[in-house]
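Visitor: I have this one open and would like a short tour. Where do we start?

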Amino acid sequence: MKNEEKIIKNIYAAFVVSLFMTFLPNLPAAVIAFVLFFGVMISAYILRAKSGEETLMNDHMTFIIRTIWIAGLFGILTMTVALIYLFGNLDLTVFHNCVNENGGLTATDMQTLNNIAQLCMDDYILANKGPLLTATVIGGAPLIAYMLYRISKGILRAAKGHRMGDNKSWF
């Protein structure tokens, strides 16, 4: 039983590390987070399949799997709302004016268009800082809060050696 509890705690720890690493602003951290996240998911499926139906392992792995899938659906919903908000509130005139001033209408190859777009990007982002930040909060904050709630709930129950109870609930 103690070994089972240790494995469960390690899976939760890897889950937390993978989520934390997604916020680090570099590519290697993002890749490691991605691999670790899918490692957690695959491990949860494997451990659940190998454990008995009414075991602590089965209970927590089902909870982790459902957390991942529900968060995915929740993420699609929050990102859709964020995009709807964003598209309704972006000011494209700054970008259009900049492209026009830098010869974007007469550019004939993609490299030139890309260079012009890069020149205009800083002004565009600065002009749309408010809507971009608001969309980020709309798309990310509810999802982060949900994941933190579910993971902390699971960790606290696992630390005490308790089952999740109704591990099929959305909360």
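Guide: Start with a pair of helices: α2 passes α3 in a left-handed crossing, meaning that the near helix is turned anticlockwise from the far one by less than a right angle. Helices here are DSSP runs of H or I with at least four residues, numbered from the N terminus. This is a predicted model: local features need pLDDT of at least 70, side-chain atom pairs count only at pLDDT 80 or more, and totals for chains, interfaces and linings use all residues. Residues are numbered from 1 along each chain, and side-chain values use heavy atoms, without hydrogens and water.

Visitor: Which residues make the contact of α2 with α3?

Guide: On α2, F37, V40, M41, A44, Y45, L47 and R48 take part. From α3 come M57, N58, M61, T62, I64, I65, I68 and W69. Contact means heavy atoms within 4.5 Å.

Visitor: And how do those residues divide?

Guide: Into 12 nonpolar, 2 polar and 1 charged.

Visitor: New topic. How many disulfides does the structure hold?

Guide: It holds 1 disulfide, a pair of cysteine sulfur atoms within 2.5 Å. The disulfide joins C98 to C120, with an S to S distance of 2.1 Å.

Visitor: Where do C98 and C120 sit in the chain?

Guide: C98 is in helix α4 (residues 93–101) and C120 in helix α5 (residues 110–127). They are 22 residues apart, so the pair links distant parts of the chain.

Visitor: Are C98 and C120 buried or exposed?

Guide: Both C98 and C120 are buried, that is, under 20% relative accessible area with a 1.4 Å probe, protein chains only.

Definitions and conventions. Helix = DSSP H or I, 4+ residues; strand = E, 2+ residues; numbered from the N terminus. Nonpolar A, V, L, I, M, F, W, Y, C, P; charged D, E, K, R; others polar. Buried < 20%, exposed > 50% of the residue type's maximum accessible area, 1.4 Å probe, protein only.
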